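I opened this notebook to record what I looked up in one structure. The entries follow the order in which I consulted the coordinates.

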Amino acid sequence: MTVLSEHILEEIRDLPSKFPQPRSAVMPALDLAQEELGHLTPEAMTEVAHELQLDPGYVEGVATFYTLFHLAPTGKHRFYVCTNLSCMLRGADDVVARLKSEIGVHEPGEVSKDGLFSYEEVECLGACEYAPMCRVDHAYHYDLTPDSIARLVAERRNGGSAVAAPKKARAPRKRKADA
Ligand code: FES
């Protein structure tokens with residue numbers, strides 16, 4: 001009996017043929033496992049390693065290195081707030097403080113009492129132009145303020161935008177000299 005479904009194991013087995021280097025399949029494979037279970041258990045990582053014919057220690061090393069992989073249960077909706085330099089300079093601290101207060105947690109990784117939310121503080125997500133920003137589940141949200149992060153929480157709490165479509169890239173901000 002495996003912890004991952006046969007359907008997911010099959011998808012993982014097919015992954016290496018899609019990459020020039022079969023080892024490159026490890027991240028999408030872990031992503032599939034995490035999508036199914038909510039977080040990566042030791043058993044799930046062992047099964048991923050087995051299907052990809054990789055060393056289990058290597059797979060675990062990848063899973064523990066990247067903050068987007070979770071080794072413990074998370075909330076149904078996961079907020080990844082960038083707290084790197086550009087976002088920090090433009091108010092990420094205030095955004096994080098409001099998020100914590102809205103979902104009722106004290107630290108990254110803690111799950112809200114209703115099981116709906118958890119958050120992580122992450123390194124640059126490559127959207128510094130729109131700082132401060134975050135990823136919620138699979139969608140990016142830009143130019144955050146304490147009020148806008150509160151709205152994102154409320155939408156998910158009400159079930160309104162639980163699966164928001166990713167926002168399209170926008171034109172760069174005008175520099176002062178261009179304005
Ligand atoms: S510093 Fe936040 S997206 Fe780059």
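The entries below go from conventions to helices, strands and loops.

**Conventions.** I number residues from 1 along each chain as its sequence is written. I am working with a predicted model, in which local features need pLDDT of at least 70, side-chain atom pairs count only at pLDDT 80 or more, and totals for chains, interfaces and linings use all residues. I take helices (H or I, at least four residues) and strands (E, at least two) as DSSP runs, numbered from the N terminus.

**Entry 1: helix α3.** I asked which residues of α3 are buried. I found Ala 44, Met 45, Glu 47, Val 48, Glu 51 and Leu 52 to be buried, where buried means 20 or more other C-beta atoms within 10 Å of the residue's own, exposed 12 or fewer, and partly exposed in between, with C-beta atoms placed from the backbone. Seen down the axis of α3, these buried residues fall within an arc of 160°, so they line one face of the helix. I note that the arc is that of the directions from the helix axis to the C-beta atoms. The buried residues of α3 pack against α1 (6–14), α2 (26–37) and α4; contact here requires C-beta atoms, placed from the backbone, to lie within 7 Å.

**Entry 2: the residue after α3.** I recorded that α3 is followed by Gln 53, which is found in the loop between α3 (42–52) and α4 (56–65). Phi of Gln 53 is near 55°, a positive value in a residue other than glycine. Gln 53 counts as exposed because it has 10 C-beta neighbours inside 10 Å.

**Entry 3: helices α6 and α7.** From α6, the contact is made by Asp 94, Val 95, Arg 98, Leu 99, Glu 102 and Ile 103, and from α7 by Pro 146, Ile 149, Ala 150 and Val 153. I sorted the residues of this contact into seven nonpolar, no polar and three charged. In this scheme Ala, Val, Leu, Ile, Met, Phe, Trp, Tyr, Cys and Pro count as nonpolar, Asp, Glu, Lys and Arg as charged, and the others, Gly among them, as polar.

**Entry 4: strand β1.** I found that β1 and β2 run parallel and are joined by six bridges; strands pair if DSSP finds at least two bridges between them. Phe 79 stands opposite Tyr 119 in β2. With β3, β1 pairs in the antiparallel sense over three bridges, and Tyr 80 has Arg 135 of β3 as its bridge partner.

**Entry 5: Thr 83.** I placed Thr 83 in the loop between β1 (77–82) and α5 (85–89). Its C-alpha atom is separated by 6.1 Å from that of Val 122, 39 residues apart along the chain. Leaving aside neighbours within four places in sequence, Thr 83 is in contact with Met 88, Ala 92, Val 96 and Glu 121. Thr 83 counts as partly exposed, with 18 C-beta neighbours inside 10 Å.

Entry 6: I noted a cis peptide bond between Ala 131 and Pro 132, with omega about -5°. Pro 132 is found in the loop between β2 (117–122) and β3 (134–136). Asp 137 lies in the loop between β3 and β4 (139–141), and its phi is near 55°, a positive value in a residue other than glycine. Asp 137 is partly exposed, since 14 other C-beta atoms lie within 10 Å.

Technical notes
Contact = placed C-beta atoms within 7 Å.
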